[in-house]
Amino acid sequence: MTDSPNTTDDPQEWNTALDELRTALRAAGADPLEPPAPARTSAAPAELGVVLMPWNAASALAQSGLPGGLNSPEPLRTALAEHGITATVETSRSPASALMITPATPSDARRFAALVTGGLTGAQAAAQRLRTAAARAGADLPALHVPADRPGVIDPGPVPPAAAAALLTALTGTTTPVPEDRAAADRLAARLRNAVQDAVREIRPTPAGSCHGAGHIVLGPLTPGQADALAARLTTGPALRSDIL
């Protein structure tokens, strides 16, 4: 995949690609540090394209054919170049003792993500984990996919009523019956939105279409980080919310 001149400096394109990379690194056991500041709106790649990773986390990258036990940025930069990935790798000053990785383009960030996840992009890997977590919770998400024309977006598709009820049950710990009509589906959609808002931002489940008298629930689109957060919540079960104590 190559970047078009119109998207290489697009902040949204950069943020999506870096979200994929952070998700992939996390999945590989190389937990990245949180960005030092909220996503910038500047179009300068040097400002947008930074991923911070602790030195001790970098050893997990050995599973991807990259050097483990790093003692300088040069081996990682060289190894990335050998895989066709252009990136600047430096030692971060703040926080100290961290690798500061700056992919040259969003495509370089996605190629790095695919490398550490065994060929899957960060979005594909996150979608796979969400599908697995949902299935274990009793919710089949047959339409979950990464659109070819939007490689950094995960689309869960319309969720059947039974799956939506299973998701809500897993997230809240309270058995939720399958809605029998459109009004019940509307109520389920509102409750599902409230259940996921702590883990996944900017998600607005809404009823759409119908299936045996009950509306499907639309989830998404999701970023890789949002899909990972939802998968983690489904895996660990309901969390105690501080705002209802």
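1. Contact here means heavy atoms within 4.5 Å. Axes are lines fitted to C-alpha atoms, for helices over the stretch in contact, and angles run from 0 to 180 degrees between N-to-C directions. Helices (H or I, at least four residues) and strands (E, at least two) are DSSP runs, numbered from the N terminus. With that settled, helix 1 lies across strand 1 and strand 3, at about 15° to strand 1.

2. A word on the source. This is a predicted model, in which local features need pLDDT of at least 70 and side-chain atom pairs count only at pLDDT 80 or more, while totals for chains, interfaces and linings use all residues. Residues are numbered from 1 along each chain as its sequence is written, and side-chain values use heavy atoms, with hydrogens and water left out.

3. Three strands make an open sheet in the order 1-3-2, with antiparallel pairing. Strand 1 and strand 2 (87-91) are at the edges, each with a single partner strand, so one side of each lacks a neighbour in the sheet. On average, neighbouring strands are turned by 25° against each other, direction ignored. Two strands pair if DSSP finds at least two bridges between them.

4. Strand 1 against strand 3. Strand 3 covers residues 98-103 and runs antiparallel to strand 1, with four bridges joining them. Val 51 has Ile 101 as its bridge partner in strand 3. Pro 54 stands opposite Ala 98 of strand 3.

5. Is strand 1 (residues 51-54) buried or exposed on its two faces? Both faces are covered. Val 51 and Met 53 are buried on one side, Leu 52 and Pro 54 on the other. The cut-offs: buried is under 20% relative accessible area, exposed is over 50%, and partly exposed is in between (1.4 Å probe, protein chains only).

6. Helix 4 also deserves a look. Helix 4 (residues 73-82) lies across strand 1, strand 2 and strand 3. The helix runs at about 170° to strand 2.

7. Helix 1 with helix 6. Helix 1 (residues 11-27) and helix 6 (residues 122-136) pack at an angle of about 55°, their axes 8 Å apart. The two are therefore oblique to each other. For reference, angles under 35 degrees count as roughly parallel, over 145 as roughly antiparallel, 65 to 115 as roughly perpendicular, and the rest as oblique. The crossing is left-handed: the near helix is turned anticlockwise from the far one by less than a right angle, whereas clockwise would be right-handed.

8. Who meets whom there? Glu 20, Thr 23, Ala 24 and Ala 27 of helix 1 meet Gly 122, Ala 123, Ala 126 and Arg 129 of helix 6. By class, this contact has four nonpolar, two polar and two charged residues. Ala, Val, Leu, Ile, Met, Phe, Trp, Tyr, Cys and Pro count as nonpolar, Asp, Glu, Lys and Arg as charged, and the others, Gly among them, as polar.

9. Thr 16 is also in helix 1. Thr 16 is buried, at 18% relative accessible area. Leaving out residues up to four places away in sequence, Thr 16 touches Arg 110 and Gly 152.

10. Helix 7 with helix 8. The axes of helix 7 (residues 161-172) and helix 8 (residues 182-196) come within 10 Å and cross at roughly 40°. This crossing is left-handed. By class, the contact has nine nonpolar, one polar and one charged residues.

11. Thr 175 sits in the loop between helix 7 and helix 8. Its relative accessibility is 68%, so Thr 175 counts as exposed. The C-alpha atoms of Thr 175 and Ala 165 are 8.2 Å apart, with the two residues 10 apart along the chain.
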